[in-house]
Amino acid sequence: MGALQSSPGQYVDLAEKTGFSFQQISVLHKRFKQLSHNEETMKRDDFNRIPDLECNPIRSQIVEAFFDRRNFRQNGEGTVEEIGFEEFLLVMSHFRPPSLHMTEEQRESVRKEKLRFLFNMHDSDNDGTITLQEYRHVVDELLSLSETLEKNTAKSIADAAMLEVASISMGHMEPDEFYEGITFEHFLKLLKGFEIETKMNIRFLKMDTTTLCK
């Protein structure tokens, strides 16, 4: 993977893998070259210099998502140190709005792919479960911008939220039962009815949305 060939004909394979149009791929390639300073690959530092991500409380999860092999649509594991344009495009495709002409089956497939991407972001150790510790880390980061909340308060919020998740996912639990964490099946159950298809879109990188959303 990596470098994009100069011929527009090379867009065909990328379009089939990602669902982006040739025009969208061209726009994203220009963005990639801008972020990588015209290098063929991008590193984490390139993302860390993006102004629009500086104040995002889950910036680290967003950045790591681009280096997570699970998000390259190859059922890979682990992380990489740098990515080429194809990997960049594959990750960005998780933010592509659904087509108006999709069947219900296709829309459901897109929904599950987006939810799997979000799940991977929080399952940082790739064990198939979002543990209380991982969930607490996310809550800590989300609340980090608040100067009125102490560390113990954020911990209590995370613990309470996890108990609620456990009750939704598992139903009644005995006092001696231990909830190991959120599996992907539980994650789907928790977000049932949530319209992730349109809410999770490409605008977080301030792209040319009039071009990308056509």
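Q: Leaving aside its neighbours within four places in sequence, with which residues is M200 in contact?

A: A contact means heavy atoms within 4.5 Å. With neighbours up to four places away in sequence set aside, M200 is in contact with H94, F95, K114, F117 and L118. Please note that this is a predicted model, in which local features need pLDDT of at least 70 and side-chain atom pairs count only at pLDDT 80 or more, while totals for chains, interfaces and linings use all residues. Residues are numbered from 1 along each chain as its sequence is written, and side-chain values use heavy atoms, with hydrogens and water left out.

Q: Where is M200 found, and how far apart in space are M200 and L118?

A: Helices (H or I, at least four residues) and strands (E, at least two) are DSSP runs, numbered from the N terminus. M200 lies in the loop that joins α11 (196-199) to α12 (209-212). Although 82 residues separate M200 from L118 in sequence, their C-alpha atoms are 9.5 Å apart.

Q: Does M200 count as buried or exposed?

A: Buried means under 20% relative accessible area, exposed over 50%, and partly exposed in between (1.4 Å probe, protein chains only). The relative accessibility of M200 is 6%, so M200 counts as buried. V110, which is placed in helix α7, is also buried, with a relative accessible area of 15%.

Q: What may be said of the chain as a whole, for instance how many helices and strands it has?

A: The secondary structure comprises 12 helices and four strands. The chain has 214 residues, and buried residues make up 42% of them. Its accessible surface, computed by the Shrake-Rupley method with a 1.4 Å probe, comes to about 12,500 Å², and carbon and sulfur atoms hold 50% of that area. Among contacts with a separation of 6 or more, 58% join residues 24 or more positions apart.

Q: How does one read the packing of two helices, and at what angle do the axes of α1 and α2 cross?

A: The axes of α1 (residues 11-18) and α2 (residues 22-35) come within 10 Å and cross at roughly 100 degrees. Angles under 35 degrees count as roughly parallel, over 145 as roughly antiparallel, 65 to 115 as roughly perpendicular and the rest as oblique. The helices α1 and α2 are therefore roughly perpendicular to each other.

Q: How far apart are the end C-alpha atoms of α2, and which residues of α2 are buried?

A: The expected span of a helix is 1.5 Å times one less than its number of residues. The 14 residues of α2 should therefore span 20 Å, and its end C-alpha atoms are 20 Å apart, which agrees. The buried residues of α2 are Q24, I25, L28, H29, R31, F32, K33 and L35. In helix α6 (residues 85-92), eight of the eight residues are buried, so α6 is largely enclosed by the rest of the structure.

Q: What value does phi take at H37, at N38 and at N126?

A: Most residues other than glycine have a negative phi. Just after α2, H37 takes a positive phi of about 60 degrees. N38 is not a glycine, yet its phi is positive at about 65 degrees. N38 lies in the loop between α2 and β1 (42-43) and is exposed, with a relative accessible area of 60%. N126 is another residue other than glycine with a positive phi, near 55 degrees. The loop that holds N126 runs between α7 (104-122) and β3 (129-130). N126 counts as partly exposed at 31% relative accessibility. Beyond residues up to four places away in sequence, N126 touches R70, E77 and G78.

Technical notes
Axes are lines fitted to C-alpha atoms, for helices over the stretch in contact, and angles run from 0 to 180 degrees between N-to-C directions.
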